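Please consult the sequence and the model alongside the points below.

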Amino acid sequence: MQPRNMSMSGVVDLAAVKAAQEAKAKAEQARAEAARHGGAGAVSPADLVIDVDEAGFERDVLQRSAEVPVVIDFWAEWCQPCKQLSPVLERLAVEYNGRFLLAKIDVDANQMLMQQFGIQGIPAVFAVVAGQALPLFQGAAGEEQIRGTLDQLVQVAEERFGLTGLVVDPDAEPGAQAVPAAAPAGPYDALLEAAVQALDAGDFGGAVQAYKNVLSDDPANSEAKLGLAQAELLQRVQGMDPQQVRRDAAEKPADAGAQIAAADLDLVGGHVEDAFGRLIETVQRTAGDDRDAVRRRLLELFEVVGTDDPRVVGARRALARALF
């Protein structure tokens, strides 16, 4: 039940890729089950805000996060800022109409959860997506900031994890069984699903080809672009000897190939800044074709992490300084 932090732009490691695959598969299974029952199981607006304790955390937060993003509001009765923030979150949960579920946790009654999330003060707001926790904000926040954060959350949940939210029916009885909202089928769903299955089976070459098949017809397909970058990275590191790669990189600081291989390992291990910093330093040490190869690999790693990630933005500036 120990949460782990996750970048909103998706730091890619093997565990995160697998979690995304499993979340999308569970969402599709739930949609299929709902279809077999005639679409029954919509929730009422009252079901979009729930109280959660330690005993129910795994069921109500971790398991539900495979169907819908779960936003957690850590609060206490004595906390005055909480009394201002909580009603805003509750109102937005209803307004967003099932795109996320709001779980309220009283920290006085659930000290263990507070410790596990590393919370130093309240109010504190986290989200859990596909079993992975990420901090949203702490302390008082304006409604505009909250909306922006929630918009980003539901976008990432849908694009990266296939979570489209819950079906909400104002006439439904409170406590009804929730089902994920059906996502419209796209023209490349079969190919994208084949790529996900190949990744799940460790067939990174098959996943690469499946994503390339999508991009050959739809070069701007964002899901295929991200998936291809991830699959190619995982394919490259699959047969590496990590100790040898690290040793070569340490002994040959100006060797482009050695530093590129080590950067790939850095990123798969979640060490994003190390990977970027290593390649930027190598750009400064190299010239000609070697420098160009390092630059191109760095741009590929930017795609893996997500071009809007703050670490990518900073690394782009550092790369520009190194080049010019």
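C82 counts as buried because its relative accessibility is 2%, where buried means under 20% relative accessible area, exposed over 50% and partly exposed in between, with a 1.4 Å probe and protein chains only. This is a predicted model, in which local features need pLDDT of at least 70, side-chain atom pairs count only at pLDDT 80 or more, and totals for chains, interfaces and linings use all residues. Residues are numbered from 1 along each chain as its sequence is written, and side-chain values use heavy atoms, with hydrogens and water left out.

**Disulfide**
- The structure holds one disulfide, a term for a pair of cysteine sulfur atoms within 2.5 Å.
- C82 is joined to C79, with an S to S distance of 2.4 Å.
- The link of C79 and C82 is right-handed, with 80 degrees about the S-S bond.
- C79 also counts as buried, because its relative accessibility is 3%.

**Helix α13**
- Helices (H or I, at least four residues) are DSSP runs, numbered from the N terminus.
- The 14 residues of α13 (residues 310–323) should span 20 Å at 1.5 Å a residue, and the end C-alpha atoms are 20 Å apart, which agrees; the expected span is 1.5 Å times one less than the number of residues.
- V312, A315, A318, L319 and A322 are the buried residues of α13.
- Seen down the axis of α13, these buried residues fall within an arc of 125 degrees, so they line one face of the helix; the arc is that of the directions from the helix axis to the C-beta atoms.
- P310 and R321 are exposed on the other side of α13.
- Among the elements that cover the buried residues of α13 are α11 (272–285) and α12 (288–305).

Terms used:
Helices (H or I, at least four residues) and strands (E, at least two) are DSSP runs, numbered from the N terminus. Contact means heavy atoms within 4.5 Å.
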